[in-house]
Amino acid sequence: MIVRNRKKTDLSGGEAQKSVRGYGRAEDTPALTEQPEQGRGYGLLRVQAFTARRALPVRGAAVTVVKNTAGVPEVLYSAVTDSAGMTPVMVLAGIPQSAAMSPNDGFADIAKRYSYDIFVMHPDFVPMHFINVPVFEGVTSVQNVDMIPGNPGAEPERMITVNERTNNL
């Protein structure tokens with residue numbers, strides 16, 4: 001199950017998953033069963049957490065997807081990575097295909113509306129914060145997260161921030 005729009009939504013009929021601060025069993029986090037219709041303004045996002053230069057998946061990482069609108073953050077999804085280090089697929093509004101295929105001077109403003117922040121936390125690793133992560137209509141995006149081992153219980157405010165916006169967005 002993933003937590004969506006601050007409400008718990010059980011998409012599999014299984015046992016409830018712990019909140020983003022808890023680290024539940026990966027088996028309690030099934031894949032999302034609903035798929036958006038092609039061309040309907042939605043893209044898919046999946047987060048994949050690894051360590052040791054992507055050699056080892058990180059199980060039990062808490063992932064939160066946030067949309068900042070006018071400076072007000074809204075939690076859209078919370079999920080926990082499974083034994084492969086992956087979250088379920090999340091459905092999000094995406095950059096329209098028409099805008100992505102012919103970017104112009106106004107494309108940066110359009111891209112901002114369809115960009116998200118992703119927080120990835122695990123008690124054994126340094127927390128990660130990705131800002132301006134774009135999602136494109138009709139595309140499955142995978143956000144790879146290279147987790148860095150940390151000292152458990154030390155400095156929870158220490159976080160690595162990565163800006164995913166490029167000059168092209």
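Gly 43 is buried in this predicted model. Its relative accessible area is 0%, which falls under the 20% cut-off for a buried residue. The residue lies in strand β3, which spans residues 42-51. Burial extends along the strand: eight of the 10 residues of β3 are buried, so β3 is largely enclosed by the rest of the structure.

Val 91 is 48 residues away in sequence, yet the C-alpha atoms of Gly 43 and Val 91 are 6.0 Å apart.

Strand β3 pairs with β7, β10 and β4. Strand β7 covers residues 90-93 and runs antiparallel to β3, with four bridges joining the two. Here Leu 45 has Met 90 as its bridge partner. Strand β10, residues 140-146, runs parallel to β3 and is joined to β3 by seven bridges. Within this pairing, Leu 44 stands opposite Thr 140.

The pairing with β4 is antiparallel and comprises two bridges, with β4 formed by residues 56-57. Phe 50 has Pro 57 as its bridge partner in β4. Strands β3 and β4 form a hairpin with four residues between them. In this hairpin, Ala 52 adopts a positive phi near 55°.

How values were computed
Residues numbered from 1 in each chain as written. Predicted model: local features only at pLDDT ≥ 70, side-chain atom pairs only at ≥ 80, totals over all residues. Heavy atoms only, no water. Buried < 20%, exposed > 50% of the residue type's maximum accessible area, 1.4 Å probe, protein only. Pairing = 2+ DSSP bridges.
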